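I wanted to see how two parts of one chain meet. Here are my notes, in the order I looked things up.

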Amino acid sequence: MSNLSTKIGSVQLANPIMPASGTFSEDLAQVFDLNRLGALVAKTITREIRNGNPTPRICEVRGSMMNAIGIPSKGVDYFRTNSLPFYAQFTPPLVASISAPSVDEFARICEEITMPGVTAIEVNISCPNIEEDGKAFAMRPSTALAVMKKLRSATDLPLWAKLTPNTGEPAEVAQACEEGGANAVVTANTLLAMAVDIRTRKPKLGNVMGGLSGPSLKPINLRMTYQCAKAVNIPVIGCGGIATLEDVLEYLMVGASAVQVGTSTFVNPTVMVDLVDQLDAYMRENHINDLSEIIGSVRDKEAADAVFFQEAAE
Amino acid sequence: MTQATHHTATAPAAGALSVFAADCTVKYNAPVNAEYGHLIVDAPDSILGCEPGQFVQILCPVNSSEQPYLRRPMSIYSYDREAGTLGIIYKIVGQGTKALTKLKVGDPINIMGPLGTGYEVKPEWNHILLWGRGVGLASLAPLAVEAAKAGKKVTTIYSARSKAVQLPIDQFEQPGATVITVTEEEGNSGLDNIRRMVEEQIKENGVDAIYTCGCDLALIELKDVCRIYNVPGEVALEQRMACGLGIGQCCSRPFAVEGDIVHKRVCKEGPVFKILETLV
Ligand SMILES: Cc1cc2nc3c(=O)[nH]c(=O)nc-3n(C[C@H](O)[C@H](O)[C@H](O)COP(=O)(O)OP(=O)(O)OC[C@H]3O[C@@H](n4cnc5c(N)ncnc54)[C@H](O)[C@@H]3O)c2cc1C
Ligand SMILES: Cc1cc2nc3c(=O)[nH]c(=O)nc-3n(C[C@H](O)[C@H](O)[C@H](O)COP(=O)(O)O)c2cc1C
Ligand code: FES
């Protein structure tokens, strides 16, 4: 067995494969042994009890999907009394995921979720901020900095900032999170998208717009992972469209220290375990002893001109 | 068969695997008529440990003209643990089901299951009544088979648009069972007429429970009947699904439970729900 372990700041993971928030729950323990994962990432919760969006909440687009689930939440108490003891049966570290519509609410739930059994807190700052005309905190460096500073003072646990690919300033937002005290950034959440049923002329999602996830999101979030890994000194966790070993390796090569797998689990429920096995086999076959030999190993020096050209085209 | 225990949809204990995604082999795949196909696969025991009312998620094959991505939920239409086979009836509507029509005997197909919570039949119930519409009949078929095996009398009312698109009813034709088929074409499938038949059964033969699948209008009528005659009833519902495992809350619907509105996942707490809890 090669050394698949990786570190996200102070958090040691047995392997770099973990689920993406909202695409993982206690229910998956019916399908495979959760101890095989690098970490357990819980569904985002909010302080208030929420039912979520109208249906249909999901639809398919070619080779991918869209969702507008709307973060249904049973609140912090439910998490404490139900999810926490359940996940405590397993060895991988538990990462809680939280969200809130304002900076103060965010800080409050961050404090409340700081409890024994939670190893790190992923902060879903890709959600709308009602104080900033509904724009997600992670859309702009200024709002990302403000919320991260407040969150930093609310907990001593490691904070992972989950970013959005909808921003035009990914590197600046990641830097703002680092400055605000984030211990890692997760790149990234879903991309805002839309689909229409031409027969009924109705939007395919009850919420009209929703988040694109799955294979078609991969090149976008991979690019964002690359940009953020270049811009910050804290670890970057890649996420978006990962389905195959090749996808995992690409994310690692552009600088991700670990990856999250979301939608693919819906298609192949054991995909995360398969990826751990395939990564191990790949490393053995290629005589790679340590994951650090892959992380950030992309050979991009020759391409510097192209990168500049891309920036000029923006 | 579902005994008096409705599975409680709480989280499973660590280490207890109960859902399986397996490569199955196509044993039979042919059209039933212009609208429906019948697929039978060789399936492992793990998936065949299913109960009436449960469903599977099928990874439909990708080909040059159809590229389905997510799995497609399909009711378990038949299962035979001895022969090691599982059957589904699929209505051909879009990418996934069109792709299913192209499967040939011997082809592999990945199936995940068994999923969801099935029908509840209490041991002391003697006579159950089923009302199926269209492809909703698929979900009710294993219920008819298992109830007959348990010595219960099963009365089935099956309504279809026309004789030409009727599904086979052999699984319902058990010893002592009654099957009444009605069609729009014959003009006897009106809700009033079916409701009259249901009420007649309740009054004349005594009905211990009613089960339905496939039609919202039928559900509205049955909700009324269940309330008036105080007969328990269950319905298998459909909802757009993604994971099928209860993970994403993709398929939640509101229900009325003891005066509260409660959101339940069709793939987990369902697809079978108490008729009186539905909001129709
Ligand atoms: C628990 C459950 C059991 C089911 N059992 C059966 C069955 O035994 N036989 C059968 O033929 N069908 C069944 N269905 C419906 C079946 O899943 C859909 O018809 C199928 O997914 C359509 O796939 P497609 O790719 O061919 O069509 P798509 O191209 O995906 O869609 C074609 C049309 O079907 C509708 N549709 C798609 N998915 C669903 C869905 N999950 N529920 C309702 N409508 C949908 C779309 O709105 C669209 O109008 C069941 C659904 C559920 C939730
Ligand atoms: C059904 C669904 C629910 C999701 N819920 C959440 C959530 O609660 N919190 C969150 O931060 N991200 C959520 N996401 C986004 C995923 O965590 C992930 O960032 C995104 O789907 C991209 O990865 P993927 O392409 O591998 O799915 C959700 C995605 C899906 C498809
Ligand atoms: S289909 Fe995902 S929760 Fe039901």
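Before counting anything, I had to settle what touching means: I call two residues in contact when they have heavy atoms within 4.5 Å of each other. I also reminded myself that this is a predicted model.

**Entry: the two domains.** I looked up the domain assignment of chain B, and it gives domain 1 (20-115) and domain 2 (127-237). Taken over C-alpha atoms, the centres of these two domains of chain B are 25 Å apart.

**Entry: who touches whom.** I found 13 residues of domain 1 of chain B in contact with 16 residues of domain 2 of chain B.

**Entry: buried area.** Next I checked how much surface domain 1 and domain 2 of chain B bury between them, and got about 1,300 Å². Carbon and sulfur atoms carry 61% of that area. On the domain 1 side, I noted B:Tyr36, B:Pro52 and B:Tyr77, which supply 41% of the area that domain 1 of chain B buries against domain 2, more than any other three residues.

**Entry: the domain 1 side.** Strand E5 (78-80) and strand E6 (85-91) of chain B are the elements that give two or more residues to the side of domain 1 that touches domain 2. Sorting that side of domain 1 of chain B by class, I got seven nonpolar, four polar and two charged residues.

How values were computed
Residues are numbered from 1 along each chain as its sequence is written. Chains are lettered from A and ligands numbered from 1 in the order in which they are written. This is a predicted model: local features need pLDDT of at least 70, side-chain atom pairs count only at pLDDT 80 or more; totals for chains, interfaces and linings use all residues. Side-chain values use heavy atoms; hydrogens and water are left out. Domain bounds come from an automatic or database domain assignment. Buried area is the accessible area (1.4 Å probe) that two parts lose on being put together, summed over both. Helices (H or I, at least four residues) and strands (E, at least two) are DSSP runs, numbered from the N terminus. Ala, Val, Leu, Ile, Met, Phe, Trp, Tyr, Cys and Pro count as nonpolar, Asp, Glu, Lys and Arg as charged, and the others, Gly among them, as polar.
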